[in-house]
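Hi,

Here is the structure I said I would pass on. Have a look at it first, and then read my notes below.

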Amino acid sequence: MTPYDTPTSSDPVHIPDPEKLPDLAITTCGLDKIYRADGGARVHALKSVDLDVPRGGIFGLLGPNGAGKSTFINILAGLVIKSAGTAEVWGLDIDREPRLARAAIGVVPQELNLDAFFSPREMLEVQAGFYGVPPAERRTDEILERVGLSDKAEAYSRSLSGGMRRRLLVAKALVHNPPVLVLDEPTAGVDIELRRSLWSFVRELNANGTTVVLTTHYLEEAEELCDRIAIINEGRVIACDGTRALVNRLDNKELRLTLSADLPRLPDEMRAFNVELTGLRSMVFRYRTRETEVREILDALSAAGIAIADLSTEEPDLEDVFLALTRGTPDDE
Ligand code: ADP
Ligand code: MG
């Protein structure tokens, strides 16, 4: 049984039943893209990407500029033709069932392309018509309200600010009520206030059952918003894991100590550790949690007669993981 109705001309709307959605919102296998420029130059933008986006979460595709994020998104949106591999949206193959696959996903593109002469209301109505949503089932006012554009419903789109255009694009992607919403760099170049409001909007959508995929080159954004993250670099997925697990992968930790009394030189028995005196009354230990327990360090200090006034530990954030993973990634192009 599939959650989708067979399309007929009288029933062109295919909103999947949320109760019957498969476990994977998106799955790709060996997805490859080579752009060919006029001069014959090739850009290998995606290199055999296998990626699974589970139902229900907020999934982050994180990578630097030029990594291939938009290429990946645009293949799913039907805007870019892949060179090889397969892609499915809720189990619908984008080659075999392109129309159904496209109806099962909403994509907010990176570029702010809007038809300047339509009002937001007209734009949503046209979009709903494009997806075959019957007038009685359209939620134009509700969607405008959700993205905070009710009072701009009749304005010319060219008069909208950048932030409003961004929200209008999100609204457009929502007209057919897609169970997975994909946002390509939703907060690139937007101010901190709009960024926060987009984040809470994304969280709210997700809490109401929409699976969200977003691309970003902001580590902070991925760490803050996403429960699962794939890191893409030079067209290749180099890591994909739960956000916490990804951060834990780099298990280098620092233990910073403030001492109760001056310590002019490091006692010999402490030299077994990677330790540094950073001041007369401060020292820092660098260790791996898999090899060393804090207890061992504290016991050794105690044995050496060193009293501690205060201590703190430093955990790596995603930036460390990101840097560690992207450093020296081989490019076999
Ligand atoms: P990202 O979204 O992560 O910044 P893109 O998917 O836009 O990355 O680009 C990946 C690579 O493909 C880059 O090297 C980019 O220059 C190249 N590229 C993207 N679109 C085209 C295109 N239409 N023609 C040729 N090369 C392209
Ligand atoms: Mg991009």
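At what angle do the axes of H5 and H6 cross, and within how many Å do they come? This is a predicted model, and in it the two axes cross at roughly 15 degrees and come within 11 Å. An angle under 35 degrees counts as roughly parallel, so H5 is roughly parallel to H6. The crossing itself is right-handed. On the H5 side, the contact is made by Gly163, Arg166, Arg167, Val170 and Leu174. H6 brings Leu194, Leu198, Phe201 and Leu205 to that contact. Sorted by class, that gives six nonpolar, one polar and two charged residues.

H5 (residues 162-174) also packs with H3 (residues 120-130), at an angle of about 30 degrees and with the axes 9 Å apart. That angle makes H3 roughly parallel to H5. Here too the crossing is right-handed. H3 makes the contact through Pro120, Met123, Leu124 and Gln127, and H5 through Leu168, Ala171 and Lys172. By class there are five nonpolar residues, one polar and one charged.

Just past the end of H3 comes Gly132, with a positive phi of about 75 degrees.

H1 (residues 69-76) is another one to click on. Seven of its eight residues are buried, so the rest of the structure largely encloses this helix. The buried set is Lys69, Thr71, Phe72, Ile73, Asn74, Ile75 and Leu76. After H1 comes Gly78, and its phi is positive as well, near 80 degrees.

As a rule, most residues other than glycine have a negative phi. Glu185 is not a glycine, yet its phi is positive, at about 50 degrees. You will find Glu185 in the loop between strand E7 (180-184) and helix H6 (192-207). Is Glu185 buried or exposed? Its relative accessible area is 3%, and buried means under 20%, so Glu185 is buried.

Glu234 also has a positive phi of about 50 degrees without being a glycine. This residue sits in the loop between strand E9 (228-233) and strand E10 (236-242). With a relative accessible area of 36%, Glu234 is partly exposed.

One last stop is Ala188, in the loop between E7 and H6. Ala188 is partly exposed, at a relative accessible area of 24%. Which residues does Ala188 touch, not counting those up to four places away in sequence? The answer is Arg166, His217 and Tyr218; Arg166 is also one of the H5 residues in the contact with H6.

Cheers

Terms used. Residues numbered from 1 in each chain as written. Chains lettered and ligands numbered in written order. Predicted model: local features only at pLDDT ≥ 70, side-chain atom pairs only at ≥ 80, totals over all residues. Heavy atoms only, no water. Axes fitted to C-alpha atoms, helices over the stretch in contact; angles between N-to-C directions. Helix = DSSP H or I, 4+ residues; strand = E, 2+ residues; numbered from the N terminus. Parallel < 35°, antiparallel > 145°, perpendicular 65-115°, else oblique. Left-handed = near helix turned anticlockwise from the far one by under 90°. Contact = heavy atoms within 4.5 Å. Nonpolar A, V, L, I, M, F, W, Y, C, P; charged D, E, K, R; others polar. Buried < 20%, exposed > 50% of the residue type's maximum accessible area, 1.4 Å probe, protein only.
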